[in-house]
Amino acid sequence: MWKTTWCLMVLTTTCWHRGYTEEGGNVENPGHVSVVIVGATGDLARKYLWQGFFHFYATNVGKSYTFSFYGGGLASAEKGTPLLFGILKELTCPSELTAERCALVKDQFLRLSQYVQVKTSEDYENLNRQIQQQLEQEGLVEAGRLFYMSIPAFAYADVAEKINSSCRPSAGAWLKVVLEKPFGHDLGSAQLLTTQLGAFLQEQEMYRIDHYLGKQVVSQILPFRKKNNKFLEPIWNKHQIERIEIVLKETLDCKGRIQFYDQYGVIRDILQNHLTEIMTLTMMKVPANLSSSQEILQNKLKVLSGIQHIEKSSVVVGQYQGYTTEVQEELNKTKDDFSLTPTFAGMVIFSTNPQYEGIPIFMTSGKMLDERVGYVRILFKNNIFCIQNYNNVQCKPQQIIFYLGHGELQYPAILVSKNLFKPALVNSGWKEVTEHKDISILGLALSDYYIQTPVSPREPYYELISNVFHGRKDSFVSVENLMASWAFWTPLLDSLAHTYPRVYPGGVASGNLLNFQLHGRQVAFANEALVNVIQQGQEENFQVMQGKYRSAEMVSAWAKELVERLASDLQAVAEEAVQKSGRFHLALSGGSSPIALFLQLALHQYTFPWSSTHVWLADERCVPPNEVDSNFRSIHDQLLQIVRIPYFNIHPMPVQLNERLCVDEDGGALLYENEIKRHMNASSFHYVLLGVGQDGHTASLFQESKLDDHGERLVTLTESPVKPHQRMSLTFTAINKARRVGVLVMGKRKHELVTQLSRIKGESSKYPITRVQPTNGTLTWYIDYDALLG
């Protein structure tokens, strides 16, 4: 009944001989291993998995372990068997095997493989009995079972439950379950999937695969950095690195994958997993022990924990021209239906890690681009100023490139420009390239690089299958890293949900349409798209208007022009204050409305006197200042970290004292008040910029607050009706002492409020904003047309 089982030993390691793996203590005794590919006749299995398992078998056959291979599917054995063997007959042998040896090994592999139906719990029980019978009849000791889930993620939990209840190996043998991405589509779904799988499988039994971690160049990033540490250590930092680029370009469209792709898009499909994993390997601290999976995963997690929250303004997205038509055809949509799913994304990311702080990390990927290529480029600052002979190697870019393959070079390689250093080979399986094609890679001729490449190219799935057997968990995605990655990407994905991507023709026809450039810490397309201009009507004739609102000055315009005018007015006030007193005291509110102003000030008011400006807060939420909800964090990210302002001129509100938040006894409000009195004459700000909430509050002075209890206090603690409830705020006394006060009101949702306020004479307890009446200063309302006209 049973076929003769052929012997195979996986690559020998010391820990295997000792019967112990680093990853949680599984005993790896020589014995029999049952491999089950669930989804064995699907596209992934047909293209990569069977070839990977066969390659692994073929390069190690004739050693100590014995194997059986099962191709599992929903179809019956009668239908599935011919499909499976049609796949197996097309397998190719490793190049190092002779034709005779290849034929023998392939015949062996076919004998060891069979199709089984795995649809119901009974099917898994039958598979379990089949494995047990083989072990008993052939007198084999079970080493373990490997299940490879080549199925959609929504089916993972169901299959995991069946494996757990009906097909676990015997006592003492290991179980390993390999899971293909996607692991959820956002943080919530990833958490749910993790919980569902955790009910049936232990974390050490799961291997979440990202096949880019199996690419030969990617797997050698850490060994390269460690081997060349004496050269890299002095330059692998913010003082020497100009930028990091992580790029994956594809020439293919999405045909045949639309049902999946239209739900995920390029960011979920490529950036959240492949490129994020590569980024962590590039930026993580090199572990003392490269064989320690635990240390590697912990160091990767630190990188993810240190990347800054990314705003929508730090991303550009595009969609190739034929994509919507493909969606309409494959998903049976009407001709009026269009998709907002991006097929291209480019962005800039920054890290809070002191080693990399301020270095722009460009990450980009797209479909239907001009070439298929992937690389990581670390471009270093070249401080040499060349007077003549500009072709001298010292005058050229200094860079290291981890080249994943394809493109003009065609083969995977690590390239180091010759004006940096001559690198050591990463290991004996790599060789130095000395004969160069007449081509350039990222601005340098090949002859200007030291180049090393693998002696024998290997497919990623072969490498990763080998790592599964060895228990190399660092080649896979841990649950902690998965959650940290989704925690970073989910807010961005939510903010982009209704963004219209730039349409591009695709291929070389796109020209420079997708080039994007850095402005401070934001990015924008470098070239204007050619679009049909639709006449919008009379609003096109509106320019900046001035008038009166609630007996005070009012400036109105469309949002962009309004922000430009406010920034210009602020600069004029600042220059006047600096000329008179040598300093300018500016108090800023938080919220979403001022963000556009912050960016205008940072990126376009080039002559603003920042070196003489003191920045204060009008109010603050009682949260740690590094959290996203913090007003200081928003002002810091959008303004302070971009402009050159003296450190001691920045005055965040002390909401966190004695490891507590806004506790009255800690006296934070009084501390801030005393600081105001110490720095400015008569406690009078030159300018206070306020916003106004839809309920009429301003700063953190709410209707429910005891607004009359503050007396002459300048700063107080307040309570917000929404979370986080506790706040610290300037009082009306402090605001009304200011020489100038501006109130910025933007957006259609403020129209009703603007209308209501226009009807109120004097003060109203219902609307705290009406209490803003500078005693000896001026008040100006900046209201955009959306808020004014509705």
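## A tour of cavities, a helix pair and a sheet

The second largest cavity has a volume of about 100 Å³. A cavity here is a set of points, on a 1 Å grid over the protein atoms alone, where a 1.4 Å probe fits but cannot get out. Volume is the space filled by probe spheres set on the points, which are joined across faces, edges and corners. This is a predicted model, in which local features need pLDDT of at least 70 and side-chain atom pairs count only at pLDDT 80 or more, while totals for chains, interfaces and linings use all residues. Residues are numbered from 1 along each chain as its sequence is written, and side-chain values use heavy atoms, with hydrogens and water left out.

**Stop 1.** Select Gln272, Asn273, Glu277, Val477 and Leu482, which lie nearest the centre of the second largest cavity among its 13 lining residues; lining residues have an atom within 4 Å of a point. Helix H11 (258-283) and helix H15 (479-495) each give two or more residues to this lining. Helices (H or I, at least four residues) and strands (E, at least two) are DSSP runs, numbered from the N terminus. H11 gives the most, with four residues.

**Stop 2.** Axes are lines fitted to C-alpha atoms over the stretch in contact, and angles run from 0 to 180 degrees between N-to-C directions. Colour Thr276, Glu277, Thr280, Leu281 and Met283 of H11, with Lys300, Val303 and Leu304 of H12, to see the contact (heavy atoms within 4.5 Å).

**Stop 3.** Move to the largest cavity, with a volume of about 140 Å³. Of its 13 lining residues, Gln308, His309, Ile310, Ser314 and Arg521 lie nearest the centre. Strand S10 (344-349) and helix H18 (631-640) each supply at least two residues of this lining.

**Stop 4.** Next, show the open sheet of eight strands, ordered S22-S23-S34-S33-S30-S24-S25-S27 with mixed pairing. Two strands pair if DSSP finds at least two bridges between them. Strand S22 (545-549) and strand S27 (650-651) are the edges, each pairing on one side only. Within the sheet, strand S24 (residues 584-588) and strand S25 (residues 613-617) run parallel, joined by five bridges.

**Stop 5.** Finish with helix H16 (residues 559-581), which lies across S22, S23, S24, S30, S33 and S34 and runs at about 155° to S34.

Definitions and conventions: 1 Å grid on protein atoms, 1.4 Å probe; cavity = no way out; pocket = protein on both sides within 12 Å on 5 of 7 lines; lining within 4 Å.
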